[in-house]
Amino acid sequence: MKFVLLLSLIGFCWAQYDPHTSDGRTAIVHLFEWRWVDIAKECERYLGPKGFGGVQVSPPNENVVVNNPSRPWWERYQPISYKICTRSGNEDEFRDMVTRCNNVGVRIYVDAVINHMCGSGNPAGTSSTCGSYLNPNNREFPAVPYSAWDFNDNKCNGEINNYNDAYQVRNCRLSGLLDLALEKDYVRTKVADYMNHLIDIGVAGFRLDAAKHMWPGDIKAVLDKLHNLNTKWFSQGSRPFIFQEVIDLGGEAIKGSEYFGNGRVTEFKFGAKLGTVIRKWNGEKMSYLKNWGEGWGMVPSDRALVFVDNHDNQRGHGAGGSSILTFWDARMYKMAVGFMLAHPYGFTRVMSSYRWNRNFQNGKDQNDWIGPPNNNGVTKEVTINPDTTCGNDWVCEHRWRQIRNMVAFRNVVNGQPFANWWDNNSNQVAFGRGNRGFIVFNNDDWALSETLQTGLPAGTYCDVISGDKVDGNCTGLRVNVGSDGKAHFSISNSAEDPFIAIHADSKL
């Protein structure tokens with residue numbers, strides 16, 4: 001009996017690190033600023049059939065409407081209530097999305113903005129996505145309700161100006177946003193009520209925005225109030241998956257490791273360092289990636305949520321600087337995402353973006369604020385072109401063949417060890433995942449031509465980067481693996497996609 005109790009306690013302790021994806025699905029996608037009706041359709045027509053595990057959605061709660069500049073993306077991070085009511089849709093549409101996505105095995109993870117309310121400089125009135133009244137100057141948010149008692153003004157009435165002072169980072173205002181007093185049980189309860197409402201609808205977990213700006217103990221106190229997941233889709237006693245936005249590139253007072261007790265953390269070093277390597281900056285080479293992960297100073301794999309880019313740093317915000325690779329750098333970006341999805345480190349999130357007109361002045365994009373594609377502030381539908389790409393300025397990187405097929409690769413090799421590493425001491429590298437998959441990169445300025453040990457059974461395999469396996473044939477390159485597990489690979493340094501990947505399910 002004691003043993004059973006111990007096992008159940010261990011299960012409870014570990015539960016918040018489990019994304020609760022179904023059927024061995026191992027990657028999620030951030031459908032940034034998508035409408036709920038479009039996400040529901042995408043779950044059914046694409047994400048479910050293609051093996052994606054889940055979707056991170058933009059904050060679903062009511063926010064301030066910012067008309068100067070016109071409806072920027074960041075208005076979503078300025079809450080004024082916990083009503084489910086934004087430019088992505090209303091509560092009925094949100095419920096329908098969660099149900100339809102869960103029914104096809106695709107989980108929903110909510111971006112939860114619980115550190116703060118909107119900025120103090122917003123005017124009083126009803127300029128909000130659901131028409132609720134707000135008076136930030138007086139700390140009045142009657143739709144919650146919050147009042148002046150519920151904010152940290154008595155601890156810190158100004159901005160964070162020293163990131164080496166943990167007290168400031170966690171009690172002062174981030175970019176003028178009114179900092180909630182999360183040590184108060186009333187505030188914790190209001191936040192937990194909001195999150196529980198979403199859990200009861202059927203979400204699988206949460207990204208905790210600005211977690212670094214909250215005390216780990218305050219976060220834990222909120223998490224302790226949360227319900228178990230909805231048993232319509234999740235097993236009895238399942239706890240919500242938690243991943244916390246903690247920007248820790250080293251050299252600051254706050255460390256990602258301080259948050260491990262609450263859930264996973266977003267490992268920002270991953271994209272920053274991988275971008276530097278793929279760009280070949282500072283003398284970095286892909287051959288140095290042999291001990292990628294913890295060996296590069298990153299958090300333990302089972303505590304990491306990893307990504308090449310996110311909605312912040314693809315605009316030069318957040319962390320990582322100019323090394324971050326994005327859809328604007330398509331050739332290098334596909335290599336970086338391919339490497340991430342092939343490598344066993346961390347739990348992976350793919351980015352899905354929209355285009356905006358960039359305007360660089362003095363090295364800064366003056367248009368980094370621009371919100372989603374819209375008609376007079378109304379978010380445009382995500383349309384699908386005949387070639388399966390997206391229209392209406394939606395980028396949909398998750399639909400790029402190379403990325404979609406690497407999500408499948410990750411599912412196929414799940415649980416297999418990192419194996420058969422090869423490199424040329426420069427930027428040509430290869431590695432396998434047990435006997436289930438093998439990937440080869442050529443990021444040098446000369447051709448690759450090598451016979452390598454793949455670890456795979458003999459046979460002919462379709463390269464899933466240059467094409468697909470369709471009706472028993474390859475639409476792209478074929479790779480012949482001999483009885484000794486070896487195969488010859490040729491990759492031109494000018495290839496549109498200078499990498500090749502094969503796996504057990506791509507075998508003819």
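**Entry 1: the model and its domains**

I am working with a predicted model. I looked up the domain assignment first. The protein chain is given domain 1 (26–117 + 180–413) and domain 2 (418–506). I took the centres over C-alpha atoms and found 30 Å between domain 1 and domain 2.

**Entry 2: buried area**

How much area do domain 1 and domain 2 bury between them? I get about 2600 Å², with 60% of it on carbon and sulfur atoms. I then asked which residues of domain 1 supply the area. Met286, Arg331 and Val412 give 23% of what domain 1 buries against domain 2, more than any other three residues.

**Entry 3: polar links across the interface**

I counted three salt bridges between domain 1 and domain 2. I also looked up a salt bridge by residue. Arg404 pairs with Asp468, and their closest N and O atoms are 2.8 Å apart. For polar contacts, I find 18 residue pairs across the interface of domain 1 and domain 2, with both residues at pLDDT 80 or more.

**Entry 4: the domain 1 side**

**Entry 5: a three-strand sheet**

I turned to an open sheet of three strands. Their order is β3-β4-β5, and the pairing is antiparallel. Why is one side of β3 and of β5 left without a neighbour in the sheet? β3 (61–63) and β5 (89–90) stand at the edges, and each has a single partner strand, so one side of each has no neighbour there. I checked how β3 meets β4 (residues 79–86): they pair over two bridges in the antiparallel sense. Asn63 has Pro79 in β4 as its bridge partner.

**Entry 6: salt bridges in the whole structure**

I searched the whole structure and found 30 salt bridges. I picked out Arg100 and Glu44, whose side chains meet in a salt bridge at 2.9 Å, N to O. I placed Arg100 in helix α3 (residues 91–103) and Glu44 in helix α2 (residues 36–47), so this pair ties together parts 56 residues apart in sequence.

Definitions and conventions: Residues are numbered from 1 along each chain as its sequence is written. This is a predicted model: local features need pLDDT of at least 70, side-chain atom pairs count only at pLDDT 80 or more; totals for chains, interfaces and linings use all residues. Side-chain values use heavy atoms; hydrogens and water are left out. Domain bounds come from an automatic or database domain assignment. Buried area is the accessible area (1.4 Å probe) that two parts lose on being put together, summed over both. A salt bridge is a side-chain nitrogen of Lys or Arg within 4 Å of a carboxyl oxygen of Asp or Glu. A polar contact is a pair of N or O atoms within 3.5 Å; within protein, one must be able to donate a hydrogen and the other to accept it, and residues adjacent in sequence count only if both atoms are side-chain atoms. Two strands pair if DSSP finds at least two bridges between them. Helices (H or I, at least four residues) and strands (E, at least two) are DSSP runs, numbered from the N terminus.
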